[in-house]
Amino acid sequence: MTSSFLFNITTIADLISMLLFFAFLASRSKALGFTGITVAYAGFLAETVAIALRWKESYDMGVGHAPLSNLYESVVFFSWTIVLIFLLLDLKYRYRVIGAFVMPFALLGMAWAQLGMNTGIEPLVPALQSNWLLYHVVTCFLGYAAFAVACGISIMYLIKANLTESSPASRDGRIADIFPPIRVLDDLNYRAIMVGFPLLTLGIITGAAWANYAWGTYWSWDPKETWSLIVWFVYAAFLHARITKGWVGKRAAWLSVVGFAATIFCYLGVNLFLSGLHSYGGGK
Amino acid sequence: MKTRFNAVVTSVWNGFCSLKLAMFILISLAVLSIIGTVIPQGIPPEEYLALIGPTKARLYQVLGFFDMYHSWWFILLLYLLTVNLICCSIKRLPRIWKIVFQPETIMTQSLESSFSSIKTISSKTDVHLLKEKTEAFLQTEFAKPFVREVDGSFHLFSQQAPWCRFSVYVVHLSIIIIFIGAIIGTQFGFKGYVTITEGQSVDRIGVRSGTDIIPGFSVRCEKFSLAQYPNGAPKEFKSILTVLEKGVPVPEYTNVRVIVNKPMTYKGITFYQSSYGNAGQYFFTTTDLEGKNLTDLTMSSNSSATLPDGSSIHVLETTPDISLYSPGLSGAAAQLEIHTPGGNTEQVVVYANHPELNIQHAKNHGKGPVLHYKGEKQAVYTGLQVAKDPGVWVVWAGCALMVAGIYIAFFLSHRRIWVRIQKGRVTIGGNAHKNPASFNLFFDQLSEKYTSHIS
Ligand code: HEM
């Protein structure tokens, strides 16, 4: 079995899981929710094995390195971390519907990686030959994934808040009935960011430590660095928003969505539109 | 007059203490930082001038957009953040201090009504015995309690991790420590760059702005090499460096291998492999069209020479054997680019073995002088980033504090339990400053256990 076969299986599993969650949303049949999460677990398992296999395959090729060295590998890993955070959330709180708003992110990543990118294993360029790569990338992406989950939850919050405000008793209003209560959504959003913020902080610090070790400057206002700081400021604002009157509820949910948009720009936009030191750019 | 002054002071102070200001500063920093990621920073503005036109360029210059992270308004915002942080902490600290060090140990009515978790148990047991039992229970199951007796009833209070209330202050303090580390770095450190040709040494370091640094020792590049993967991608850039004190190699710093991601540090100054390039020299002679007035001309790969007629030339490429490109010819050759005073750019190949072709070319283009290629001395230079930053450990200390503080702030909470033992009735209540849901769960289990313990 090869890693690329398993990555395809993962993509299909993510797709099926997402569709099952959509069906769950429409039908409210508990069985569909259960099947959805089971398929998500299966996809996660396949992807875990696939990543490990790809790691081993790189050693077989004589260019051994952790599979985190280019855009393809990072997108695949990002997908994996999103599902990981979602499954942990599910283990703890058991709000399955959230899958309908989180699995699309994971699927999007996998589909883009599998269909649109060169999947070859490449040797590491000198700049990436360091253990710091592993620490830096893993912490950053776990943080990003927590923000993705928070964004999904915030979207649910905004939908539910709007529906219940505009038409509390109508049919539309009841679609959101199987969403967790609005206070719970608000709380889960906060909790996801509480996981993401320390991880992003660690990601920025490990990045700075690496830059200092490799180039002698821990901070050089390179666009990627700056954008990670922008993201960090947005979530710091979110955390303080909860303590400030008038910035809770919808505004906090919007802040979480904006934070994730900034995260995605930091991850992809910077490489596509701006120039800098980080070498994940170029895509192919 | 005085009261108005006081009123102004108070409102300024309250403004600096406010979280609204904090939100405003954080969001402003986020939004304004975008500018510097769109407009290239630190490049000579002339290069950018062509792209955006003179009016905009002047405006950007005045606003500091070409070096925005060091502009007065960005720095001001960072200072504002710091002041905001300090004021806010000063204002809130006394209350937290009191909560931690002077806890309310007696369950009063108002306290009781503020609990989210509370349970009342009726019991016929003697209050003294109940007190003993409760004390032992809290000691083993939660934390050692304080006991007070008021009007014949007993009040027990115990708490876990009160100190974690301070974690937020640790996080905020860590930001200030990081700023201090950064300031130490810019005041007492430097960032520079050297190029060292193989076999040569340097004893001064060029810094971007300001005068060269003379570190008091010199560094020799013994060798530079470049390794490639089979597909041609770069695999390793390697310099072999030796540190010399007064011209004598330092034994532990002889032939040190420096590659990307493996720098060398000597006396607090660190050398990082960063680039490399051709430092070769090219030798030419010039003559007039008759082959007379011979003069030598030496050029290095990154410089140009000016000919008597005012045109400037530089070397594009050389080959030891031109027959690979032009069958029938032989020997070494160099391809040159010529910028004439009239503003034209031409390329020409000059040969070592074919002076007649060199003369022919010069004749075709008018006058002279005629260039003849004499050969080259190959050499590479290694480009090293050089840095000294005595503040970096302060920054790391700040980062470590920040991570620890954030972790404690988010995942630990100050939990408090009060028990009031009256005749025939025991009330147990509590709260936590974070994560009430998980506290309620904990409380339910604890009070369950407690009920069976005392009955
Ligand atoms: C980049 C800057 C900042 C960072 C990273 C930061 C970080 C944090 C963190 C992690 C918390 C804990 C939040 C929670 O428990 O949910 C917190 C709380 C807080 N921060 Fe900040 N902060 C920053 C700037 C500021 C500023 C400028 C102020 C000034 C007013 C401020 C005032 C507060 C207050 C009042 C709290 C709540 C304290 C409490 O719960 O007793 N912070 N901050």
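Helices (H or I, at least four residues) and strands (E, at least two) are DSSP runs, numbered from the N terminus, and these labels guide the tour below. The model is predicted, so that local features need pLDDT of at least 70 and side-chain atom pairs count only at pLDDT 80 or more, while totals for chains, interfaces and linings use all residues. Residues are numbered from 1 along each chain as its sequence is written, chains are lettered from A and ligands numbered from 1 in the order in which they are written, and side-chain values use heavy atoms, with hydrogens and water left out.

**Strand β14 of chain B**

Start by selecting Leu297(B), which lies in strand β14 (residues 295–300) of chain B. With a relative accessibility of 15%, Leu297(B) counts as buried, a term that means under 20% relative accessible area, whereas exposed means over 50% and partly exposed lies in between (1.4 Å probe, protein chains only). Show its contacts, meaning heavy atoms within 4.5 Å: leaving out residues up to four places away in sequence, Leu297(B) touches several residues, among them Tyr282(B), Phe284(B), Ala305(B), Ile313(B) and Leu371(B). Then select Ala432(B), which is 135 residues from Leu297(B) along the chain, and the two C-alpha atoms are separated by 83 Å.

**The domains of chain B**

Colour chain B by its domain assignment, which gives domain 1 (2–91), domain 2 (103–161 + 413–454), domain 3 (190–277 + 381–388) and domain 4 (281–377); such bounds come from an automatic or database domain assignment. Taken over C-alpha atoms, the centres of domain 1 of chain B and domain 2 of chain B are separated by 50 Å.

**Helix α11 of chain B**

Next select helix α11 (residues 436–454) of chain B, whose 19 residues should span 27 Å at 1.5 Å a residue, in agreement with end C-alpha atoms that are 26 Å apart; the expected span is 1.5 Å times one less than the number of residues. The buried residues of α11(B) are Phe439(B), Phe443(B), Leu446(B), Ser447(B), Tyr450(B) and Ile454(B). They lie on the same side of α11(B) because they cover an arc of only 105° around the axis, the arc being that of the directions from the helix axis to the C-beta atoms. Those buried residues pack against β1 (117–122), α7 (127–141), β21 (415–422) and β22 (425–432) of chain B. Turn the view to the face away from the buried side, and the exposed residues there are Leu441(B), Gln445(B), Glu448(B) and Ser452(B).

**Two loops with positive phi**

Most residues other than glycine have a negative phi. Select Asp151(B), in the loop between β2 (146–150) and β3 (153–160) of chain B, where phi is positive, near 50°. Asp151(B) is exposed, with a relative accessible area of 78%. Move on to Asn261(B), in the loop between β10 (256–259) and β11 (264–266) of chain B, which has a positive phi of about 75° but counts as buried at 3% relative accessibility.

**The iron site**

Finish at the iron atom of the ligand, whose protein donors are His240(A) (NE2) and His172(B) (NE2), lying 1.8 to 2.0 Å from it. The pair crosses between chains, from helix α8 (residues 223–241) of chain A, which holds His240(A), to helix α8 (residues 167–188) of chain B, which holds His172(B). Both His240(A) and His172(B) are buried. Donors are N, O and S atoms within 2.8 Å of the metal (3.2 Å for Na, K and Ca), and water is not among the atoms, so sites may look incomplete. The angles among the six donor atoms run from 86 to 178°, and the site is octahedral, a label given to six donors if opposite donors are over 155 degrees apart and all others between 65 and 115.

Conventions: Tetrahedral: all angles 85-135°; square planar, octahedral: opposite > 155°, others 65-115°.
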